[in-house]
Amino acid sequence: MPATDTEDSRQGMRGAADAGDPAGSGTGTGGASGSSDDSDEMASGLDALESPASTPGAASRRVLAKAVPPLAAIALVLALWQTAHTLGWSATLPAPAAVWRELAGAWSDGTLLPALGHSLLRCLIGFAASVAIGVPLGLLLTRVAPLRTVLGPILSALQSLPAAALVPVAVIALGNSEGAVYAVVLLGAVPSIAVGVTAAVDRVPPLLIRAGRSMGAGGLTGAVHVLVPAALPGFVTALRHGWTFGWRALMTAELITATPLPGIGRMLDAGRQSGEMSLVLASVVLILAVGVAVEAALFSPLERRVLHSRGLAAAGR
């Protein structure tokens, strides 16, 4: 009888468990599945709270919020410029309308687009070569301490050297040619990119690298999957600075050297030689416009994407 009672009680407990688990999956499995579903629902809810509410006018409001500040800044500059011209603060300062007519005339006679295209092509080629040289050089400096001790001060000195000082060296070595222009761009951009990449790698937490090694990501694998992704925001900053230094160096080289193909720097030099302030300011406006356009179209979106992927900035900003 005791044995029979014990067996009946066990069968009763199994029956109660089966009744609580109609699918027959087992109490433990069902509890784990329910816990996983609850966790997924909680994560989805947190993501929904963190993501901005999408309303029909949200996109237009974001575009308007981004466009208003630069447009207001341009309007303020034009107003101050026109005021200075009207009050006669400078006898050589033309009105904004005169500079606009200069740009319109360069467009109509077919000199604006070739000059802009040649300068952009030169800077793109020089920037691509600078990235191909500067990024590996920066990574090499972080790995080889003696090389960093020797080349680090040289790169810093070249970075602080004005591009106008590099042009005579390039012209004497390579003559008034495209090669001299590209040499000046490389000497202006490569040190900035290499120094920026080195600084970005130096800011990677050592604990992150050790964690990658403990998980088997060492050597080249660790560099590709741990070091480079961790230093990616600093890499973007290094590329931005490299483009800025390269663009400035290119304008200086075009201004001083007699390149066979015209550029914006040649337009600036033509205005200087003829004493036409409107042409000089038109060239300056083009230089600034290209810099702002590249920043707004390439580097700012790239930086936002990289920061958002790391949870450091909102996607809509």
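Tutor: The side chains of Ser278 and Glu102 are joined by a polar contact of 3.1 Å. A polar contact is a pair of N or O atoms within 3.5 Å; within protein, one must be able to donate a hydrogen and the other to accept it, and residues adjacent in sequence count only if both atoms are side-chain atoms. The model is predicted, so local features need pLDDT of at least 70 and side-chain atom pairs count only at pLDDT 80 or more, whereas totals for chains, interfaces and linings use all residues. Residues are numbered from 1 along each chain as its sequence is written, and side-chain values use heavy atoms, with hydrogens and water left out.

Ser278 belongs to helix α13, residues 277-309; helices are DSSP runs of H or I with at least four residues, strands are runs of E with at least two, and both are numbered from the N terminus. Ser278 counts as buried because its relative accessibility is 14%; buried means under 20% relative accessible area, exposed over 50%, and partly exposed in between, with a 1.4 Å probe and protein chains only. Leaving aside neighbours within four places in sequence, Ser278 is in contact (heavy atoms within 4.5 Å) with Pro94, Ala98, Val99 and Glu102.

Ser283 also lies in α13. Its relative accessible area is 0%, and therefore Ser283 is buried. Beyond residues up to four places away in sequence, Ser283 touches Ile264, Met267 and Leu268.

Together with Trp243, Trp247 and Leu250, Ile264 touches the most other members of the largest nonpolar core, which has 44 residues. Such a core is a set of buried Ala, Val, Leu, Ile, Met, Phe, Trp, Tyr and Cys residues joined through side-chain atoms within 4.5 Å. Helix α13 supplies at least two residues of this core, as do α4 (96-108), α5, α7 (163-174), α8, α11 (232-256) and α12 (264-274). A second, separate core of five residues includes Leu137, Leu155, Val190 and Ala194. Within the largest core, Trp243 is one of the residues touching the most other members; residues up to four places away in sequence not counted, Trp243 touches Cys123, Leu124, Phe127, Val294 and Phe299.

Gly222, Val226 and Leu227 are the buried residues of α10. Seen down the axis, these residues fall within an arc of 85°, so they line one face of α10; the arc is that of the directions from the helix axis to the C-beta atoms. They pack against α5 (112-143), α8 (178-202) and α9 (206-214). The exposed residues Leu220 and His225 are carried on the face of α10 turned away from the buried side.

As for the whole, the secondary structure comes to 13 helices and zero strands. Of the 317 residues in the chain, 29% are buried. Among contacts with a separation of 6 or more, 69% are between residues 24 or more positions apart.
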